[in-house]
Amino acid sequence: MAVISESITDMKGYKLHIVKTEKFKTNTIVWKMKAPLTSEDVTKRALLPYVLQSSSKAYPTTSKFRSYLDELYGANLFVDVSKKGEYQVLSFSLEIANEKFLSDPDPLLKKGLQLMAEILVNPLADNEAFDKETVEKEKRTLKQRIQAVYDDKMRYSNFRLIQEMCKDEPYALHVNGEIDDIQQIDEKNLYDYYKKAFKEDELDLFIIGDVDETEVQAIAQELLQFDDRTPKLVKLADGAQVEEKTVKDQEDVKQGKLNIGYRTNVHYGDEDYYALQVFNGIFGGFSHSKLFLNVREKNSLAYYVASRLESHKGLMMVMSGIEFENFELAVKIIREQMEAMKAGEFTDQEIEQTKAVIENQMLETMDTSRGMVEVLYHNVVSRQNVSLDDWLQGMSKTTKEEIVDVAKKVQLDTVYFLTGLEADK
Amino acid sequence: MEKITFEQLQEEMYYEKLSNGLDVYILPKKGFNKTYATFTTKYGSIDNHFLPPGKDDYVKVPDGIAHFLEHKLFEKEDGDVFQQFSKQGASANAFTSFTRTAYLFSSTSSVEKNLKTLIDFVQEPYFTEKTVEKEKGIIGQEITMYDDNPDWRLYFGLIQNMYKNHPVSIDIAGTIESISHITKDMLYECYETFYHPSNMLLFLVGPVNPQEIMGLIKENQGKKEYKNQPEIKRRFDVEQAGVAEKKQVLKMNVQTSKCLVGIKAADPTESGREMLKKELSINVMLDILFGKSSENYTELYGSGLIDDTFSYDYTEEQGFGFAMVGGDTNEPDVLASKLESMLMDAKAGRGLTNDNLERTKKKKIGAFLRAVNSPEYIANQFTRYAFNDMDLFEVVPILESLTLDDIKQAADKLIAEERFTVCQVVPKDKN
């Protein structure tokens with residue numbers, strides 16, 4: 001039996017993905033828009049969803065708009081901007097109670113879809129321009145959102161690593177854009193960009209819940225129609241031999257942040273992608289992994305140390321918090337673990353253990369509607385059609401040889417260290 | 001085994017109190033892949049002054065010991081328990097709060113094995129001087145990590161402003177200095193005091209057969225010997241009604257300032273249904289006052305005083321309680337005084353209307369349905385509620401029953417100028 005069943009329908013200008021499940025007491029609607037990450041558009045795209053979610057023609061103030069959401073049994077609306085490889089993805093999510101658990105028979109799903117359509121196609125705008133006040137307010141918030149990255153040193157050091165590592169690649173751009181670009185945005189040019197985005201972006205609508213597929217299709221058909229388009233694709237430039245580099249920043253911090261970036265040279269959908277997943281799990285993905293055991297348990301150097309993959313860009317990032325003077329030692333231990341992986345120094349038991357935990361994690365992800373959408377969206381980004389069952393099977397069939405082969409492809413690119421002001425002494 | 005049915009939610013739950021005093025709850029969730037189990041003791045960072053069983057004198061233990069003990073329980077003679085769980089395809093974790101220490105796993109296979117592993121590792125402590133020393137380095141890094149986190153510093157700074165004597169103002173992990181005094185004997189003493197089954201609750205939620213699971217748990221517990229333990233005696237110093245400090249400003253390496261306004265709860269001594277009603281009333285009141293549809297939010301956001309980090313929350317356990325409101329801001333002083341005057345207006349009843357109440361009730365009911373999609377939420381919240389003699393599944397009926405009068409009374413009781421306090425984080429180069 002399939003773990004989940006997704007039905008995909010071609011609609012006007014977008015794809016409709018429906019997952020029918022009785023697991024949840026709510027229904028989830030997610031609208032995604034994807035375009036290549038570019039320095040020209042990154043800041044506008046980061047601002048756009050926040051402007052759209054703050055009001056609409058029918059609900060011209062945030063207060064009216066939010067009151068209506070409260071009336072819909074606290075329908076939860078939020079927007080998000082993320083990077084998937086060298087694409088920038090805008091997500092609009094609305095989670096709304098399934099009325100069968102309420103004494104009130106209000107048709108909430110339909111109203112939720114109407115509201116989603118309202119914010120997407122009927123924004124508060126006039127004469128080809130958004131409401132000026134709204135745009136100015138959201139510009140101010142975006143500025144603070146960009147600044148906030150600096151204040152969270154874990155996020156900041158990860159951002160700095162990527163900035164250094166991917167210097168001349170679009171991936172170095174921060175998903176929230178650049179502070180200096182904000183002032184050039186106004187209600188007019190943002191509206192122009194909005195038109196462009198809805199004309200050119202790759203668009204997907206996901207509905208997860210105990211829904212009637214035919215009914216949902218009919219509603220979506222009525223509410224959302226766009227022109228056909230051919231989504232713009234990004235070519236991944238890979239294969240260049242990288243040169244290792246070390247970058248250090250000094251800041252007034254108490255704990256050093258060690259972030260190491262590797263090029264995996266493997267992407268979602270590649271044949272050896274499953275082996276990469278298992279490799280990452282043995283190396284640093286879990287609390288039974290080599291990094292955790294050697295950096296934390298054996299040497300007490302860190303509280304957290306882990307590696308994670310950016311599957312669409314082909315990167316693996318290690319992150320840890322250590323004392324300043326342990327920098328050399330921690331890097332040495334991490335390097336040794338990587339060498340051990342390349343030399344095949346891991347047991348069948350470690351492989352089995354890792355596969356079991358990855359499978360567990362994947363199945364658990366399917367117990368949340370947001371998790372489902374994120375997993376299914378990998379196929380959209382990578383233009384693949386891997387079902388969850390294929391995924392699990394592919395992963396479980398991975399052999400030790402394949403893991404070693406993948407390990408050999410992994411190249412260290414950049415060691416980044418955020419250290420304290422006193423650390424040079 | 002008792003079966004409890006929640007018709008409107010279409011859920012059922014099974015309960016039994018075992019002969020050694022352990023409370024066991026099982027909530028079958030059909031259609032889910034995951035089983036999530038928590039094994040929780042009513043022992044947290046505030047329980048630092050107590051009478052060990054069989055002794056005549058109260059002991060006071062170093063700050064951070066409950067959390068230290070949580071770390072150390074994972075280590076056994078033959079390695080750490082994380083290994084065992086991952087061999088069985090599970091992921092395990094634990095957390096320590098002011099009042100609880102919870103151990104948990106989630107897995108989509110081998111549920112029975114994982115459940116046994118969970119119960120056994122918590123019930124078989126193994127501490128040595130050597131492993132205790134080793135842990136000090138790891139927890140030291142955990143503490144330092146939080147030192148660099150402005151939101152954590154802000155949160156604890158605010159609690160420290162409120163409480164002078166109550167141990168809720170002690171950082172859950174302690175300090176590098178305080179944990180340096182921890183020994184294996186102290187860990188055993190805390191363990192013997194607080195990890196008796198009669199002070200614990202086991203909750204399991206997932207696609208399971210409740211009869212089989214209950215049978216397994218009873219068999220496991222039947223093999224272990226526990227002496228009956230009388231009620232645990234904890235001691236708390238007398239806490240004053242007002243706040244300890246009116247204001248604290250922390251200078252940190254940040255670009256944006258942060259500001260929280262706190263209100264120390266008046267006499268938080270309720271439990272059971274009364275506590276639940278009070279807690280929900282205050283939460284509804286805060287939502288009416290500061291939710292995104294409120295006039296206050298519109299004003300604060302519109303004038304650029306807050307951004308989307310703005311939040312509000314109410315926490316209460318027996319003996320302490322506090323509300324907090326705030327977030328990132330460029331003008332921490334202006335925000336603080338605005339929030340205080342908005343709160344004082346609410347005390348006078350302004351903005352608390354029937355329309356607002358009815359809308360907020362709907363919002364809260366929807367939020368509850370969203371929350372019970374999550375096995376983690378059900379297990380963790382149910383346990384917290386049970387430790388305070390409250391029932392998680394009473395939330396919706398009590399919400400529905402709230403009247404405007406309840407809200408006004410809650411506002412009047414909570415809000416008082418002498419219990420306000422402010423904590424701010426500001427960039428080092430400013431001021």
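Author: Start with a definition: two strands pair if DSSP finds at least two bridges between them. Helices (H or I, at least four residues) and strands (E, at least two) are DSSP runs, numbered from the N terminus. This is a predicted model: local features need pLDDT of at least 70, side-chain atom pairs count only at pLDDT 80 or more, and totals for chains, interfaces and linings use all residues. Residues are numbered from 1 along each chain as its sequence is written, chains are lettered from A and ligands numbered from 1 in the order in which they are written, and side-chain values use heavy atoms, without hydrogens and water.

Take the 3-stranded sheet of chain B. It is open, its order is β6-β5-β12, and the pairing is antiparallel. Strand β5 (residues 49-51) of chain B joins β12(B) through 2 bridges. There, B:L51 has B:K233 as its bridge partner. Helix α7 (residues 184-194) of chain B lies across β5, β6 and β12 of that chain, at about 65 degrees to β5(B). Such angles run from 0 to 180 degrees between N-to-C directions, and axes are lines fitted to C-alpha atoms, for helices over the stretch in contact. Contact means heavy atoms within 4.5 Å.

Now the sheet of 5 strands in chain B. This open sheet runs β13-β17-β14-β16-β15, with mixed pairing. β13 (247-252) and β15 (311-317) of chain B each have a single partner strand, so one side of each lacks a neighbour in the sheet. From one strand to the next, the twist averages 15 degrees. β15(B) and strand β16 (residues 320-329) of chain B run antiparallel, joined by 7 bridges. In β16(B), B:G326 stands opposite B:S311. Helix α11 (residues 332-347) of chain B lies across β13, β14 (257-264), β16 and β17 (420-427) of chain B, at about 30 degrees to β14(B).

Last, the neighbour. 61 residues of chain B are in contact with 64 residues of chain A. Together the two chains bury about 5700 Å², 49% of it on carbon and sulfur atoms. Buried area is the accessible area (1.4 Å probe) that two parts lose on being put together, summed over both. Between chain A and chain B the count is 7 salt bridges. Each is a side-chain nitrogen of Lys or Arg within 4 Å of a carboxyl oxygen of Asp or Glu. A:D70 forms one with B:R359, their closest N and O atoms 3.5 Å apart.
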